[in-house]
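Okay, thanks everyone, let's get going.

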Amino acid sequence: MDFLQRLSLFLDRPLFPWKKLILGFSIGHYLFESFLTLRQYQVLQRTKPPAVLAKEISQETFDKSQAYGRAKARFEIASGLWAQIQNFAFVQLDVLPALWSLTGAWLLRWAPARFSGEISHSIVFVMAFIVIQQLLNLPTRIYNTFVLEERFGFNKQTPALFVTDMIKTNLLTAVIMPPILAGFLKIIQKTGNQFVFYLWVFAAGLQLFTTTAYPIFIQPIFNKLSPLDEGELKKKVEQLAASHKFPLQELFVIDGSKRSAHSNAYFYGLPWKKHIVIYDTLIEKTETSEIIAILAHELGHWKLGHTTRLFGIAQVHLLYVFSLFSVFINNASLYSAFGFHAQHPIVIGFILFSDALSPMDTVIKLLLNVLSRKFEFEADDFAKRLGFRSELAASLIKLHAQNLSTMDADWMYASYHFSHPHLSERLKALDWKPQQALTSEKDKDKEGVAKASGRDEL
Ligand SMILES: [Zn+2]
């Protein structure tokens with residue numbers, strides 16, 4: 001008997017208090033994250049910027065960024081508490097089994113008999129589950145967009161766009177989710193104990209397909225991509241790509257300004273055919289040389305194999321998830337603790353299993369962020385070696401100021417949450433010496449700085 005089988009027998013104990021354990025995980029996780037947020041809150045109350053930024057960031061911008069950070073921290077604690085209350089009620093009131101029998105009854109009543117199997121039932125169940133979750137989370141989403149982001153000048157979404165986005169997303173889910181879920185369940189039904197390998201191949205194929213199909217079929221539903229105009233920027237990007245044999249196929253500008261003034265640039269595509277997408281907001285607010293420095297950083301991620309390595313890690317992670325799922329899929333004590341005594345629907349098993357696995361997710365998140373920060377330093381260093389040191393530093397400072405991104409952080413909070421090193425660390429690594437304030441002519445005639453969503457994804 002192999003290890004996984006032994007583990008699965010070991011974990012299937014009648015009357016094992018799965019409910020208590022999973023609730024305990026969830027509460028523990030919330031307390032842990034809130035503890036980190038409170039630590040970060042102390043840092044967000046400092047009144048002076050870190051020394052390395054003293055000359056670049058005005059007191060006013062710093063104060064605003066601290067206030068924005070504090071508002072987000074309070075929001076995190078409150079929305080986390082709301083999620084805990086929901087989760088607790090779901091578990092205590094046995095919402096999962098109730099919804100499972102309700103959706104089963106709907107199918108019996110409304111659908112032709114051939115749709116009464118587990119697959120159709122699971123699809124209707126998941127759809128209903130998504131709708132319920134969405135309704136419950138609507139207040140927090142509305143608050144985040146129209147109160148919090150709005151207050152700091154980041155929100156560009158109108159209520160109409162918010163609603164149409166939501167409708168579009170749901171329609172899209174209704175089209176995409178059923179075949180994927182059906183494939184997932186069919187594979188498990190057909191291959192029995194061997195499902196791990198087949199599911200893994202299915203998931204990897206799905207990822208490749210999404211990478212290709214997303215920009216062509218899905219992104220245009222939400223945003224407009226247009227080819228970058230001829231000019232200095234285009235010429236310089238092409239030169240940069242050519243000098244590193246980057247397989248650049250097409251250069252696009254995306255209308256990110258439709259939702260938020262958040263600025264960004266990224267690559268996508270298959271290994272031999274890449275596209276570069278630049279946000280209109282980035283072009284509007286940044287000098288050409290700084291955009292090139294940002295793209296040099298991105299190119300570093302590609303050249304240093306970060307993209308490939310992250311794809312590899314994602315595959316190993318999937319294999320780990322599916323292997324452990326095979327341990328839980330027949331765990332009768334887990335199903336019955338949550339009110340599934342006679343039936344053991346696979347999709348329910350997967351939901352419960354994900355909850356049971358959540359403490360491991362915390363550890364994985366921490367490790368992935370450690371790796372991601374290492375990659376960011378390496379990509380910065382790549383751009384620096386290409387001679388973009390001061391342009392990169394300037395663009396980082398500018399974007400952080402515009403985004404009101406957190407400029408300093410508690411080390412514990414940062415280790416766990418940050419996929420990117422914070423600004424002071426990056427400037428230190430770039431050997432940046434505090435200089436005169438970096439305000440270009442381009443910025444001076446703009447009122448206010450807060451024009452982007454608090455993200456930076458360089
Ligand atoms: Zn990066």
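So, how many helices and strands are there in the protein chain? There are 17 helices and four strands, where helices (H or I, at least four residues) and strands (E, at least two) are DSSP runs, numbered from the N terminus. The radius of gyration is 24 Å, close to the 23 Å that the globule rule gives for 458 residues, so the chain is as compact as a globular protein of that length. That radius is taken over C-alpha atoms, and the globule rule is 2.2 Å times the number of residues to the power 0.38. Along the principal axes, the C-alpha atoms fill a box of roughly 70 × 50 × 45 Å.

Quick housekeeping. This is a predicted model, so local features need pLDDT of at least 70 and side-chain atom pairs count only at pLDDT 80 or more, while totals for chains, interfaces and linings use all residues. Residues are numbered from 1 along each chain as its sequence is written.

Now the sheet. In what order do the four strands sit? They go β1-β2-β4-β3, forming an open sheet with mixed pairing. β1 and β3 (265–270) stand at the edges with a single partner strand each, so one side of each is left without a neighbour in the sheet. On average, neighbouring strands are turned by 35 degrees against each other, direction ignored. Two strands pair, by the way, if DSSP finds at least two bridges between them.

Let's go across it. β1 (residues 225–227) and β2 (residues 248–254) are antiparallel, over three bridges, and S226 has V253 in β2 as its bridge partner. Next, β2 runs parallel to β4 (residues 273–279), joined by six bridges. There, L248 is partnered by K274 of β4, and L251 by I276 of β4. β3 and β4 make a hairpin with two residues between them.

On to the helices. UniProt, in an unreviewed entry, annotates "transmembrane region" at residues 171–189 and 195–217. Keep in mind that UniProt positions are given in the numbering used here, feature names are shortened, and annotations may be inferred rather than shown by experiment. In the model, 171–189 is 100% helix and 0% strand, with its end C-alpha atoms 27 Å apart. Residues 195–217 are also 100% helix and 0% strand, and there the end C-alpha atoms lie 30 Å apart.

And what does α7 pack against? Helix α7 (residues 195–222) packs with α11 (residues 306–328) at about 145 degrees, axes 9 Å apart. Axes here are lines fitted to C-alpha atoms, for helices over the stretch in contact, and angles run from 0 to 180 degrees between N-to-C directions. From α7 you have F195, V196, L199, W200, A203 and A204, meeting Q315, L318, L319, F322, S323 and S326 of α11; contact means C-beta atoms, placed from the backbone, within 7 Å.

Last stop: where does UniProt put the "active site"? The unreviewed entry has that feature at E298 and D380. They are spread over 83 residues of sequence but cluster in space, the largest C-alpha distance being 8.8 Å. E298 sits in helix α10 (residues 288–303). That's my tour, over to you.

Technical notes:
Contact = placed C-beta atoms within 7 Å.
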